[in-house]
Amino acid sequence: MTKPAVLLLLLYNVTSAACTKQASATLAESNPVDTGEAVKVAAIDWKAVEAAMGRPSVTQPGDVHRFNMPRTDLSVAVDGVTLRPAFALGSWVAFNAVSDGVIAMGDLVLRESEVAPVMSRLQESGIEQTAVHHHVLRESPRIIYMHVHAHGDAVKIAQGLRAAIALTATPAASPVASAPSGDVGIDTAGIAKSLGRSGRMNGGVYQVSIPRKEKILDGGMEVPAVMGLATAINFQPTSTGKAAITGDFVMTGPEVNPVIRALRKNGIEVTSLHNHLLNDEPRLFFMHFWAVDDAVKLADGLRQALDLTASGQ
């Protein structure tokens, strides 16, 4: 090889190495969760955020702060079943501290007449919508679910959310009701055995949450499962041993139709299929469902569908 050729080869290697190093640095900066290093998060005054929201938060795993806003003002029925707020009428927003403030994600339960004014007020506050859709069918009155996303100053986001929620009939915060004692009307132990996961009673509803196994990113940042990214299954007792079920499966594309087939095989209706996020990795799909039958029988059918997804224990 001639001397000029050797010099050109050396120059190429040096330049290539520099570009690779720069690309790696850029990737690490834009996607800090992939570096393997602990990411510093902003110090958040959660009391100030609660004051701005006008209600207390509940601390979830990973120091996620969730605000629950049940629509106890609504009386909604599906197939003769009056929905409890904890079953399918719970607005919520969760905040998670990141390096430059917080990420806020949530789901607002709205009457049709509330959708437009709430959306406009949220947009004015820099709070985005990532989905607007239904979760159940045949409900009366019609209910719409608006998924929201914001990134920035926690107090400002909370103020914007509060201003939008004030345009609805969502009740002010009330004391948390004590857990009911005695027979809840369904075999929760049998449900847990069938699902292979235990849940908890909340507002007269047996709730089970199953996170996915893989790490989920949105806009390059990891999102904890407690921010609405776990499969949610709710059982509301209707009569002795029977229950209405609803919730949503969190799935990747290849899992969608196998889960549909498993649910339909077991008499469980698919009521909606959609996305909740805009920039999620992997791309996730959310499938809502409905049925009324023996609670343990329904749990058996749900377990068959769960086993077709990458859901952890």
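1. Is Glu 139 buried or exposed? Glu 139 is buried, since its relative accessible area is 8%, and buried here means under 20% relative accessible area, with exposed over 50% and partly exposed in between (1.4 Å probe, protein chains only). Its side chain makes a salt bridge with Arg 142, with the closest N and O atoms 3.0 Å apart. A salt bridge is called when a side-chain nitrogen of Lys or Arg lies within 4 Å of a carboxyl oxygen of Asp or Glu. Arg 142 has 30% relative accessibility, so it counts as partly exposed.

2. A word on ground rules. This is a predicted model, in which local features need pLDDT of at least 70 and side-chain atom pairs count only at pLDDT 80 or more, while totals for chains, interfaces and linings use all residues. Residues are numbered from 1 along each chain as its sequence is written, and side-chain values use heavy atoms, with hydrogens and water left out.

3. Now the overall picture. The chain has 8 helices and 17 strands; these are DSSP runs numbered from the N terminus, helices being H or I with at least four residues and strands being E with at least two. Of the 313 residues, 43% are buried. The accessible surface comes to about 15,300 Å², and carbon and sulfur atoms account for 55% of that. Those areas are from the Shrake-Rupley method with a 1.4 Å probe, and for residues only the protein chains shown count as cover. Take the contacts between residues at least 6 apart in sequence: 69% of them join residues at least 24 apart, where contact means heavy atoms within 4.5 Å.

4. Arg 138 is worth a click. Its side chain meets that of Asp 79 in a salt bridge (2.9 Å, N to O). That pair links distant parts of the chain, with Asp 79 in the loop between β3 (77–78) and β4 (81–82) and Arg 138 in the loop between β7 (128–133) and β8 (143–152), 59 residues apart. Arg 138 also forms a salt bridge with Glu 269, again with a closest N and O distance of 2.9 Å. This second pair spans 131 residues, from the β7 and β8 loop to strand β15. As for solvent, Asp 79 is partly exposed at 46% relative accessibility, Arg 138 is partly exposed at 44%, and Glu 269 is partly exposed at 23%.

5. How many salt bridges turn up in the whole structure? The search finds 12. Elsewhere in the chain, Arg 71, Asp 73 and Glu 114 are linked in a network of them.

6. Next, helix α7 (residues 253–265), whose buried residues are Glu 255, Val 256, Val 259, Ala 262 and Leu 263. Seen down the axis, these fall within an arc of 145 degrees, so they line one face of the helix; the arc is that of the directions from the helix axis to the C-beta atoms. That buried set packs against β14 (242–251), β15 (269–274), β17 (285–294) and α8 (295–306). On the other side of α7, Pro 254, Arg 261 and Lys 265 are exposed. Just after the helix, Gly 267 takes a positive phi of about 70 degrees.

7. Strand β5 (residues 90–98) has 8 of its 9 residues buried, so it is largely enclosed by the rest of the structure. Pairing needs at least two DSSP bridges between the strands. β5 and β6 form a hairpin with 2 residues between them.

8. Within β5, have a look at Asn 96. Its relative accessible area is 11%, so Asn 96 is buried. Beyond its neighbours within four places in sequence, the contacts of Asn 96 include Gly 62, Asp 63, Val 64, Ile 103, Glu 222, Pro 224 and Met 227.

9. β11 (residues 217–218) is joined to β12 by 2 bridges, and Leu 217 stands opposite Glu 222. Glu 222 is also one of the contacts of Asn 96.
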